[in-house]
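This briefing covers one protein chain. Please have the sequence and the model open while reading.

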Amino acid sequence: MKTIILSTMIALTATTMNAKDKKPLYKNPKAPIEQRVEDLLSRMTLAEKVGQTNQLVGIEHFKQNSATMTADELARNTANAFYPGAMVEDMERWTREGLVSSFLHVLTMEEANYLQRLAMQSRLQIPLLIGIDAIHGNAKCKDNTVYPTNIGLASSFDVDMAYKIARQTAKEMRAMNMHWTFNPNVEVARDARWGRFGETFGEDPYLVTLLGVATNKGYQRNLDSKDDVLGCVKHMVAGSHSINGTNGAPADLSERTLREVFFPPFKAALQQGGDWNVMMSHNELNGVPCHTNKWLMEDVLRKEWGFKGFVVSDWMDIEHCVDQHFTAATHKEAFMQSILAGMDMHMHGPEWTDAVIELVKEGKIPESRIDESVRRILTVKFRLGLFEQPYSDEKTRDKVINDPEHKQTALEATRNSIVLLKNEANLLPLQSGKYKKVLVTGINANDQNIMGDWSELQPDEKVSTVLKGLRQISPETNFQFVDQGWDPRNMSQAKVDEAVEAAKNSDLVIVTCGEYMMRFRWNERTSGEDTDRDNIDLVGLQDQLIKRLNETGKPTILVIISGRPLNVSYAVENVPAIINAWEPGQFGGQAIAEIIYGKVNPSAKLAATMPRSAGQVGIWYNHKASAYFHPVVCGTSEPLYPFGFGLSYTTYRYSNLQLDRTTIAKDGSVKAIVTIENTGNQDGVEICQLYIRDKVSSAARPVKELKDFARVALKAGEKKEVSFMITPDKLAYYDLNMNYGVEAGEFKVMVGSSSRDKDLLEATFTVE
């Protein structure tokens with residue numbers, strides 16, 4: 001009997017030892033992710049679960065702002081933060097205890113690795129998700145590649161380039177041990193007063209959709225590689241069309257407008273680019289804050305579109321239900337409303353954790369609802385391989401972020417993003433040696449501001465300003481520089497006068513204008529996030545500078561650096577050459593100089609209409625026919641430049657637009673074929689655009705809608721046929737009864753070089 005008992009005890013001891021030695025299922029990389037998630041979830045306490053739904057700002061960010069910000073500044077700031085009453089030691093402890101899921105505003109690999117080491121000391125060793133605003137490259141981090149911002153990329157109409165930039169950005173982020181970019185911004189931008197205009201892909205839903213899909217897909221692919229990062233499709237929805245053009249102001253829109261204009265880019269980016277993450281918008285929509293909007297998060301996103309990923313809040317926007325929207329009395333109540341409406345992760349702050357735990361214990365939120373969110377978040381962490389590879393290393397970082405291929409891509413993308421708006425008497429390109437003494441001036445002539453919003457200072461030698469680019473491309477020219485400073489609001493009259501005097505002794509003038517976007521001088525910017533305006537005029541003495549320089553009689557070239565369309569009416573009427581470079585990134589100066597001196601033939605087209613004033617807000621090209629039934633008095637309804645417009649150093653002729661059939665069934669397709677000929681003496685790339693109009697419909701339709709485009713490379717004198725397939729999805733819309741489909745009737749096809757009527761050829765077909 002003793003022998004049997006002893007044998008049993010030995011067997012039980014061995015079994016226990018083996019169980020201790022065996023890794024839990026969730027740590028087995030060969031196990032299916034769904035099983036790993038469930039195994040880990042079963043081991044988690046309520047506090048650990050709630051911790052996985054919360055995000056904090058990085059420790060270095062916290063240190064900097066806790067030393068400089070006041071409580072009043074904290075209440076209204078949406079870029080910088082600290083946590084009153086908390087210390088760095090508290091944040092470190094929360095991370096070691098597994099009560100933090102994610103950090104944002106972490107700008108170095110060293111800090112990211114340090115935070116992960118803290119997380120690896122937690123009971124379950126769940127890795128952190130490090131998020132960053134890598135909007136046009138990982139531009140907030142030193143030495144990472146800075147590409148043109150989204151509005152410039154959109155003006156290239158280059159979908160493949162959007163994917164390529166996103167892929168390279170993902171590689172640089174992972175090399176920095178960062179895993180989550182808060183991009184693509186697929187809001188349709190319809191108000192130039194809005195400071196975030198340059199963060200978007202412009203005013204057209206179709207163009208925004210294609211670029212948003214390509215960008216999101218480029219970041220994520222299948223979200224199963226060490227080179228992939230989590231994309232964030234944002235901001236849902238209509239923050240780009242607020243009632244007064246300011247960020248976070250209310251939006252009041254019909255369901256028809258939402259479904260026809262604002263929903264399509266979100267739906268496509270999530271369904272075709274990877275449905276892992278979406279961020280809600282600051283604003284309230286039709287009276288309901290987007291962050292507590294169950295119709296958006298549950299009915300549309302999950303039930304209608306089948307979204308499987310997790311929803312993240314924007315910067316403290318759940319809390320704004322208390323102090324801005326007044327739809328909740330306390331933060332705790334706002335947290336409950338948001339979670340029950342479909343929110344999965346909170347950005348950002350420690351108050352969330354205790355409040356949500358209390359809500360579960362009080363029975364106001366089922367723990368099963370928290371489990372849903374945790375499953376979604378853990379699934380992403382497993383797919384990214386963070387459990388197996390929570391760190392990066394210096395050797396990998398330095399190799400990837402300095403990859404020459406990435407820098408070449410940025411330069412190529414910039415070349416293709418710069419729009420030539422005006423070129424009277426063929427002033428451009430400049431002939432080598434013709435203008436020996438050239439004045440360069442303006443607020444954006446020699447400043448890192450050329451990189452655009454969502455950038456931090458980079459080493460000077462790695463940023464090409466306009467002045468640097470000109471000296472690089474035309475070293476034989478004597479470029480005289482008169483510095484106007486970087487701040488348009490505080491320009492010096494004496495410096496303007498100095499530039500005018502210098503122009504009199506020059507052969508040619510290059511003046512740069514626009515706005516100031518650099519984030520390290522947050523309160524001094526004139527464009528960018530939370531930098532909205534009541535007008536779109538040039539700030540300060542810029543108009544005076546342009547006018548007086550032009551009136552010297554010297555040939556003048558205007559270069560615009562800005563994230564939003566600006567009113568440059570005087571220049572349009574008087575200055576012979578205008579270039580809109582948007583926010584061209586770290587190689588902006590070189591690319592601008594290459595275009596000025598003819599090393600590159602410009603090809604970009606405007607991704608947004610350029611209004612004459614804030615009074616023309618609402619002048620997007622795809623308006624309804626009745627929008628201009630009554631003309632305005634004391635002015636014009638014509639914009640400065642229309643959507644899709646852009647010049648080249650060569651000329652193109654469109655001819656022979658043909659349709660392969662003139663009658664189709666509702667499920668049929670039509671092929672449109674047009675001939676394009678390069679009739680100039682330079683090789684070039686023409687962006688051919690196809691628009692559709694439903695001539696008679698049960699609900700009013702736009703006068704034209706972009707439905708396809710092609711970048712067509714043509715050598716001097718070359719002629720090509722370009723074809724587009726018009727499929728049912730390009731004809732369908734929401735009819736009188738909000739049923740989506742194709743209506744019978746006549747459709748107009750328009751093909752040409754811009755959205756302007758005189759630039760388009762026309763043909764018609766009928767749907768039976």
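The model is predicted, so local features need pLDDT of at least 70 and side-chain atom pairs count only at pLDDT 80 or more, while totals for chains, interfaces and linings use all residues. Residues are numbered from 1 along each chain as its sequence is written, and side-chain values use heavy atoms, with hydrogens and water left out.

**Whole chain**
- The chain has 23 helices and 26 strands, where helices (H or I, at least four residues) and strands (E, at least two) are DSSP runs numbered from the N terminus.
- The radius of gyration is 28 Å, close to the 27 Å given by the globule rule for 768 residues, so the chain is as compact as a globular protein of that length; the radius is taken over C-alpha atoms, and the rule is 2.2 Å times the number of residues to the power 0.38.
- Along its principal axes, the C-alpha trace spans about 110 × 65 × 50 Å.
- Of the 768 residues, 62% are buried (under 20% relative accessible area with a 1.4 Å probe, protein chains only; exposed is over 50% and partly exposed in between).

- Helix 16 (residues 367-383) has 17 residues and reaches 24 Å from first to last C-alpha, close to the 24 Å expected at 1.5 Å a residue (1.5 Å times one less than its number of residues).
- Its buried residues include Arg369, Asp371, Arg376 and Lys381.
- Asp371 and Ser42 are 329 residues apart in sequence, yet their C-alpha atoms are 9.7 Å apart in space.
- Ser42 lies in helix 2 (residues 33-43) and is exposed, with a relative accessible area of 58%.

**Largest pocket**
- The largest pocket has a volume of about 940 Å³; a pocket is an open set of points on a 1 Å grid over the protein atoms alone, with protein on both sides within 12 Å along at least five of seven lines, and lining residues have an atom within 4 Å of a point.
- It is lined by 38 residues, of which Pro205, Arg259, Glu260, Pro264 and Lys707 lie nearest its centre.
- Helix 11 supplies the largest share of this lining, 10 residues.

**Cavities**
- There are 7 cavities of 30 Å³ or more, a cavity being a set of grid points where a 1.4 Å probe fits but cannot get out.
- The largest cavity has a volume of about 130 Å³, a volume being the space filled by probe spheres set on points joined across faces, edges and corners.
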